[in-house]
Amino acid sequence: MIQGTGSSVGKSVITAALCRYFRQEGFRVAPFKSQNMSNNSFVTSTGGEIGRAQAFQAQACGIEPTVEMNPILLKPSSEMGAQVVVLGKPVNVMKPREYHEYQPHLIGVIRDSLEKLSRQFGVIVIEGAGSPAEINLRRYDIANMTVARIAAAPVLLVGDINLGGVFASLVGTLELLTEEERSFVKGLLINKFRGDISLLEEGVEFLEARTRKKLFGVLPFVNDLQVAEEDCIPESKWKSSRPNDPDKLKIEVIHFPHISNSTDFDSLEREPDVSLRFLTRVPDFNDAIPDILILPGSKSTMSDLAYLRLSGFAAYIQGCHEARIPIVGICGGYQMLGEELLDPEGVESEVQRAQGLGLLDLTTRFEREKRTVRVRAINIDTRHEVSGYEIHMGRTNGPGAARPVFQILEEMGKAVDRFDGAKSVDGLVWGTYLHGVFDAPPMRRDFLNTLRGRRGWQALDPLKVSPVAETLDSLATLIRKHVDLVALDQVLNGNL
């Protein structure tokens with residue numbers, strides 16, 4: 001089990017790296033995270049919803065993701081709390097106190113999921129959540145030491161040296177654990193190191209002497225790591241003021257307070273002719289006009305729609321529209337582009353009706369049944385094929401739907417013939433429920449070349465993307481180069 005001194009220390013990536021390493025060593029391996037709090041989710045082949053990180057880790061294992069790999073998913077919404085998803089299906093929206101009262105029912109779900117995976121796989125690499133040393137949350141923590149205890153799993157504790165204070169965070173975390181909890185921790189890992197490793201020697205000697213725990217390795221900081229974010233968008237993507245590059249396409253994505261599936265734009269961000277930024281405040285329209293504006297998914301569409309109006313983003317969107325700048329909406333963003341949103345049953349909000357942005361002639365009605373499906377589709381205009389998934393509780397219809405964007409050919413592995421999305425008469429505004437539409441290189445490049453054409457630039461060929469296997473193998477290489485493999489083998493076999 002991989003636990004950390006806090007959030008964002010690298011637990012998800014290290015878990016994926018270990019999954020890939022063990023697979024290369026010939027083990028049948030699977031990932032596990034009992035409880036994940038994230039709005040970046042994925043749809044399994046059975047239509048269940050799990051955290052995106054566990055889907056990526058399953059890919060590292062070379063296996064199909066299943067709901068048992070992430071039996072509990074919490075999707076934070078607005079003032080209503082978080083949607084609780086158990087074994088891939090939504091149970092209810094709960095506030096913290098309600099969820100804490102519900103938690104005892106979930107221990108059996110965690111245990112059963114672990115037992116099912118244990119019958120199928122030789123190694124399970126478990127990821128913890130946040131820190132195991134949050135004293136005020138210890139009795140509610142079902143993602144760290146509770147799981148280590150259920151699985152009798154040896155724990156490696158990870159600290160992030162890039163943040164500073166790694167020795168204090170490792171020592172302090174261990175100090176705040178109970179004696180029993182400390183006994184599960186078999187070793188330490190330092191992550192995201194830059195510079196001359198010999199400068200760490202004195203600190204490492206102190207660390208091992210003080211904690212009586214072995215340091216298993218020091219993993220380097222890796223620039224441009226091609227790994228999807230587990231949950232929130234890093235501050236570096238929206239807080240830094242990067243200068244505008246006139247030789248690149250300028251793509252703006254509005255950073256909703258409840259943004260979901262932000263990984264939809266990872267592939268766009270990696271294109272060499274793209275400068276993509278997430279907007280947390282309304283930019284000066286005269287400063288640098290965008291080539292395209294995107295409204296992403298939202299876990300709380302009604303709330304984020306109200307945010308657009310209060311923040312001034314709605315006026316900015318209207319200004320972009322009047323300037324004939326293309327506007328795209330994905331999932332919740334697609335719903336916002338319509339004329340109105342209806343929630344008479346209070347599925348998502350206490351607000352029963354909200355006026356949309358009015359850029360597409362559509363109405364969305366929220367329903368209690370959540371739609372989670374994987375699909376294969378083609379873009380109606382370009383005939384490029386895409387694979388993606390839908391995760392939404394709204395149904396969108398209206399005259400605008402007579403101009404769909406995609407034709408769905410396959411749903412959950414079965415042939416279908418239906419349409420998705422809508423576009424304006426001039427084609428400058430369009431929306432879709434499909435997540436992952438920019439991941440297919442031909443579709444993505446055609447989309448970008450259309451924007452290049454508006455600038456009078458020459459079209460480019462699709463980017464030759466390194467196979468995902470190469471990225472995953474590079475993670476395993478980090479383990480081989482920077483981790484004590486003998487000690488790792490001893491832990492695996494219960495000899496340390």
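Me: With which side chain does the side chain of Gln57 make a polar contact?
Reply: The model is a predicted one. Gln57 has its place in helix H2. Its side chain makes a polar contact at 2.8 Å, and the partner is the side chain of Glu127.

Me: Is Gln57 buried or exposed?
Reply: Beyond its neighbours within four places in sequence, Gln57 is in contact with Ser12, Thr15, Ala16, Cys19, Pro31 and Glu127. The relative accessibility of Gln57 is 0%. Buried means under 20%, so Gln57 counts as buried.

Me: How are helices H2 and H15 oriented to each other?
Reply: Two packed helices are described by the angle between their axes and the distance between the axes. For H2 (residues 52-61) and H15 (residues 468-482), the axes are 10 Å apart and the angle is about 90°. Angles of 65 to 115 degrees count as roughly perpendicular. H2 and H15 are therefore roughly perpendicular.

Me: How do the residues of the contact of H2 with H15 divide into nonpolar, polar and charged?
Reply: From H2, Phe56, Gln59 and Ala60 meet Val468, Leu472 and Leu475 of H15. The residues of this contact divide into 5 nonpolar, 1 polar and no charged.

Me: How many aromatic pairs does a search of the whole structure find, and which residues do ring pairs link into a cluster?
Reply: The search of the whole structure gives 9 aromatic pairs. Ring pairs also link a cluster, made up of Phe406, Trp430, Phe438 and Phe447.

Me: What is the geometry of the pair formed by the rings of Tyr334 and Tyr433?
Reply: A search of the whole structure finds 9 aromatic pairs. The ring centres of Tyr334 and Tyr433 are 5.1 Å apart, with the planes at 85°. Planes over 60 degrees apart count as edge-to-face, so this pair is edge-to-face.

Me: How many residues apart are Tyr334 and Tyr433?
Reply: Tyr334 counts as buried at 2% relative accessibility, and Tyr433 counts as buried at 5%. Tyr334 is in helix H13, whereas Tyr433 is in the loop between strand S26 (429-432) and helix H14 (441-455). The pair links distant parts of the chain, its members being 99 residues apart.

Me: How does Glu339 count in terms of relative accessibility?
Reply: Glu339 is found in the loop between helix H13 (332-336) and strand S19 (340-342). With a relative accessibility of 35%, Glu339 counts as partly exposed.

Me: What is the C-alpha to C-alpha distance between Glu339 and Leu357?
Reply: In sequence, Glu339 and Leu357 are 18 residues apart. In space, their C-alpha to C-alpha distance is 6.2 Å.

Note on methods
Residues numbered from 1 in each chain as written. Predicted model: local features only at pLDDT ≥ 70, side-chain atom pairs only at ≥ 80, totals over all residues. Heavy atoms only, no water. Axes fitted to C-alpha atoms, helices over the stretch in contact; angles between N-to-C directions. Helix = DSSP H or I, 4+ residues; strand = E, 2+ residues; numbered from the N terminus. Parallel < 35°, antiparallel > 145°, perpendicular 65-115°, else oblique. Contact = heavy atoms within 4.5 Å. Nonpolar A, V, L, I, M, F, W, Y, C, P; charged D, E, K, R; others polar. Buried < 20%, exposed > 50% of the residue type's maximum accessible area, 1.4 Å probe, protein only. Polar contact = N/O pair within 3.5 Å; in protein donor to acceptor, adjacent residues only side chain to side chain. Phe/Tyr/Trp six-rings, centres within 6.5 Å; stacked < 30°, edge-to-face > 60°.
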